[in-house]
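The entries follow the order of the look-ups.

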Amino acid sequence: MGETQNLHLPLRTRSSLKKPLLVVLLLCITSVLLVCTYIYPQQHNVKSPACEGLSSRGCKAALSGWLDVHVRKHTDEEVAARVVIRDILRMPPALTSRSKIAFMFLSPGTLPFEKLWDQFLQGQEGRFSIYIHPSRLRPVHISRHFSDREIHSDHVTWGRISMVDAERRLLANALEDPDNQHFVLLSESCIPLHTFDYTYRYLIHGNVSFIDSFEDPGPHGTGRHMDNMLPEIPRQDFRKGAQWFTMKRQHALIVMADNLYYSKFRRYCRPGVEANKNCIADEHYLPTFFHMLDPGGISNWSVTYVDWSERKWHPKTYRARDVSLKFLKNITSDDMSVHVTSVGKRGDELHWPCTWNGIRRPCYLFARKFHSDSVNKLVTLFPNYTTTVV
C-alpha cells in the first residue's frame, strides 16, 4: 500500500523533490569542469597516450589529428590551399560544342588495343584528345588516332609517388587545351565498354567526377596512415581507391594547384617510412584529397571495371579464352559497385549502387586488365556488346 500511495503523490510534490537534485547535479558538473581547467595547465608537460614516442611538435600534431577536421584550427598552409581550391570549384563548367574528352594513357610501352580504340573513336574527330605517357623511355607505336602527343619523363615505379607524378604530368599537358573538359586516366590494358557517344554523354553531362574513394579500416587501408601526415591529413579522413579516374576540368585544376596535401604523400606515403606500413601513393592520394576537399563532387567509385576476386596484389588478367559476348554484356550492365577491404583473411566487400545524375545506371565505361591476345576477339565483338543510349 505504501508503494501505491507513493505512485499517487501530487505532481507539485514530485516536482519539488526533483529541483534539489538538479541543483546538486549542475554544481557537480561545474566543479569537475573548473578542476579540469585548473589542473590541465599544470600538467602541460605530461604527454597524452596518443603522444607516446613523439616529440612535442609531433604530440601537438597527433592531438590535432584526433580532432575533427572542421573543429581543429587549420594551419596557414591549409587555409591558403582551401581558399584557392574553393574558388576553382566555384567556377562554372565551360561546356560548348567544342568540348572534348582527354584520354590519357599511362603505358609501360606499346598500346596493344590500338585497333579497338580506333574502332571506338572512328568518326569522332574534334570530340577527343589523346595523351600517352610511357612509363619506360622506349618508342610507342602510333596509329592514325594516336598522333604525336607522347609525354616522356623519368622512370615510373609501381607503388611510388612517381605514379602520381605521371598522372599529374598527363593532366598538366591535357589542361593546356581549353577545350578538354573531362579527363580519363587509362592503362595499356584498358578497353572501352560502350560507344563513344554513350561515353561522351556519360562523362561530359555527369554531375560528378568518377573518382574511387572508400574507407578500408584494415591494414592496407587506414592502417597505412602515417603520423607524419598530421595534422593536415587526419586518420579518419584517410581513404583508398583505384587510381583509374575520370575527372572534370575543375577537379583537374585543383589537383594541379595542390602542393600541401601532395607534399605529405610525396614525403611519407611509401614503403618503409614507418614500421611495416606499405603506403601506396596512387591508391591513397586522390581518394583522400577529394574526400577531404570535395566529397560531394565525386562518385566514390571508378568507371573502370577491375576484377579483384583473386585477392592478389594485382587484379585478374583476362585472356582471349576468357572473353565472350555474355561476359562483356555482364560487365556493361553491372550497376552495383564493389570494394574489397583488407579486413580479415579474405577481406570484407562493400557494395553500393551506381547512379548517374541521381538515376541508377551501369557503373562501368571501361574495363581492365586484358591480355593482348584478346584484341582480335574484342574488335569482332565490340559492335555487339556496346550501348548507345545513356
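I looked up Asp87 and found a salt bridge with Arg86, the closest N and O atoms being 3.4 Å apart. I count a salt bridge when a side-chain nitrogen of Lys or Arg is within 4 Å of a carboxyl oxygen of Asp or Glu. Asp87 is partly exposed at 41% relative accessibility, and Arg86 is partly exposed at 38% (buried is under 20% relative accessible area, exposed over 50%, partly exposed in between; 1.4 Å probe, protein chains only).

The model is predicted: local features need pLDDT of at least 70, side-chain atom pairs 80 or more, while totals for chains, interfaces and linings use all residues. Residues are numbered from 1 along each chain as its sequence is written, and side-chain values use heavy atoms, without hydrogens and water.

I searched the whole structure and got eleven salt bridges. One of them joins Arg224 and Glu283 at 2.8 Å, N to O. Arg224 is in the loop between strand 5 and strand 6 and Glu283 in helix 10 (residues 281–293), 59 residues apart; helices (H or I, at least four residues) and strands (E, at least two) are DSSP runs, numbered from the N terminus. Both Arg224 and Glu283 are buried.

I then checked helix 6 (residues 161–175) against helix 8 (residues 249–257): the angle is about 125° and the axes are 10 Å apart. Axes are lines fitted to C-alpha atoms, for helices over the stretch in contact, with angles from 0 to 180 degrees between N-to-C directions. I noted the contact (heavy atoms within 4.5 Å) as including Arg168 and Leu171 of helix 6 and Arg249 and Ala252 of helix 8.
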